[in-house]
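Student: Could you show me how to read packing features in a protein model, one step at a time?

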Amino acid sequence: MTAKTSADGSPGSSRPGLDIHYEKISLTAQLAAYMRQFSDIPFASDVADLLHSRQVFEALLRGQQMTPEDLTWYAPIFEARYKSVTGAIHRTGSRQVLELASGLTLRGLAFAQDPAFTYIESDLTSISAEKEAIIARLRQKYGLADHGNLYFPAVNALDRSQLQEAIQRLDRDRPLVVVSEGLFPYLSRDEMRAVASNIREVLAEFKGSWITPDFSIKEEVERVTEQQRSFRRIVAAATEHKMYNNAFDSLEQLQAFLDEMGLAAEMHHPVDEIGEIVSLRELHLPAALLDPIKASLRLWVLRLSGEEPSPPAAS
Ligand SMILES: C[S@@+](CC[C@H](N)C(=O)[O-])C[C@H]1O[C@@H](n2cnc3c(N)ncnc32)[C@H](O)[C@@H]1O
């Protein structure tokens with residue numbers, strides 16, 4: 001891990017995460033994009049094509065006695081995760097969304113087709129620039145209207161000032177949903193604390209919630225095959241971040257962390273609620289593939305402790 005200049009360009013800071021380069025983690029957004037192409041998620045196959053995600057995957061696995069096909073059983077998990085987050089955003093009824101570490105999902109482009117939404121699809125600088133170019137291509141290809149309601153600022157989620165800057169344009173009188181999908185597994189406990197505290201500050205300004213599938217429990221993430229272990233080693237070497245290094249010992253330890261952060265959590269098991277997982281069919285994978293991990297696929301909806309949830313949308 002290289003540690004030099006802070007995200008705002010000033011010399012190293014003592015606050016966690018402002019002096020660490022996270023850009024190497026951005027590779028994982030490409031891997032997720034590869035997996036999502038087998039689903040019916042909007043724009044997923046376009047994104048995988050435009051990014052040449054198969055070649056990126058092959059390059060990562062070169063010399064490792066593993067091919068992208070060996071790992072396609074991940075696809076239904078990515079699809080389920082994406083769809084569960086999307087469903088949860090809809091259920092909040094909120095029309096303002098701030099997504100952190102959004103990668104190349106293009107969920108914002110899908111939501112922003114409805115001019116009633118304002119969607120901020122943030123990530124680190126290089127991903128945000130890449131995404132902006134992809135979105136321009138897709139708007140042209142599909143003749144999509146630009147309602148001026150989709151933004152892609154570069155935001156290091158640990159950087160409070162970048163986060164505050166990104167939400168300037170939002171309406172404080174309307175609720176906000178903050179979303180993060182796939183970021184926390186790469187963070188240390190102090191970094192998680194810094195991000196959670198930044199999100200808490202945002203939630204204090206808006207009445208709203210934070211939706212994330214990102215909290216992991218040690219015993220569950222360690223119950224994996226040798227192939228998964230090898231793949232994690234490859235990703236850790238490429239990103240210089242060991243995944244799940246800071247998973248929680250138990251749900252009770254996670255609860256204590258959330259209490260400490262002043263957040264109240266509702267925990268959902270979304271897999272049974274999201275309808276067909278298309279990639280299972282597309283990849284000829286057994287329907288029962290997700291059964292053993294269903295219990296560990298969770299989604300959290302968090303609010304400031306003591307705050308009443310907003311009423312659900314009338315749709
Ligand atoms: C596993 S990918 C998930 C991307 C996307 N949410 C998805 O589900 O495909 C992790 C993402 O975290 C982003 N990331 C890593 N460190 C970050 C940070 N400090 N602040 C914001 N984003 C970060 C990476 O650029 C990458 O897009």
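**Reading burial and packing**

Tutor: Glutamine 30 is buried, at a relative accessible area of 13%, where buried means under 20%, exposed over 50% and partly exposed in between, with a 1.4 Å probe and protein chains only. This is a predicted model, in which local features need pLDDT of at least 70 and side-chain atom pairs count only at pLDDT 80 or more, while totals for chains, interfaces and linings use all residues. Residues are numbered from 1 along each chain as its sequence is written, and side-chain values use heavy atoms, leaving out hydrogens and water.

Student: Which residues does glutamine 30 touch, not counting residues up to four places away in sequence?

Tutor: Contact means heavy atoms within 4.5 Å, and glutamine 30 touches Leu51, Ser53, Val56, Leu104 and Glu130.

Student: Where is the place of glutamine 30?

Tutor: Glutamine 30 is in helix 1; helices are DSSP runs of H or I with at least four residues, numbered from the N terminus.

Student: How do the axes of helix 1 and helix 3 cross?

Tutor: Axes are lines fitted to C-alpha atoms, for helices over the stretch in contact, with angles from 0 to 180 degrees between N-to-C directions. Those of helix 1 (residues 27-36) and helix 3 (residues 53-61) come within 9 Å and cross at roughly 120 degrees. That makes helix 1 oblique to helix 3, since angles under 35 degrees count as roughly parallel, over 145 as roughly antiparallel, 65 to 115 as roughly perpendicular and the rest as oblique.

Student: Which residues of helix 1 and helix 3 meet?

Tutor: Leu27, Gln30, Leu31, Ala33, Tyr34 and Met35 in helix 1 meet Ser53, Arg54, Val56, Phe57 and Leu60 in helix 3.

Methods: Helix = DSSP H or I, 4+ residues; strand = E, 2+ residues; numbered from the N terminus.
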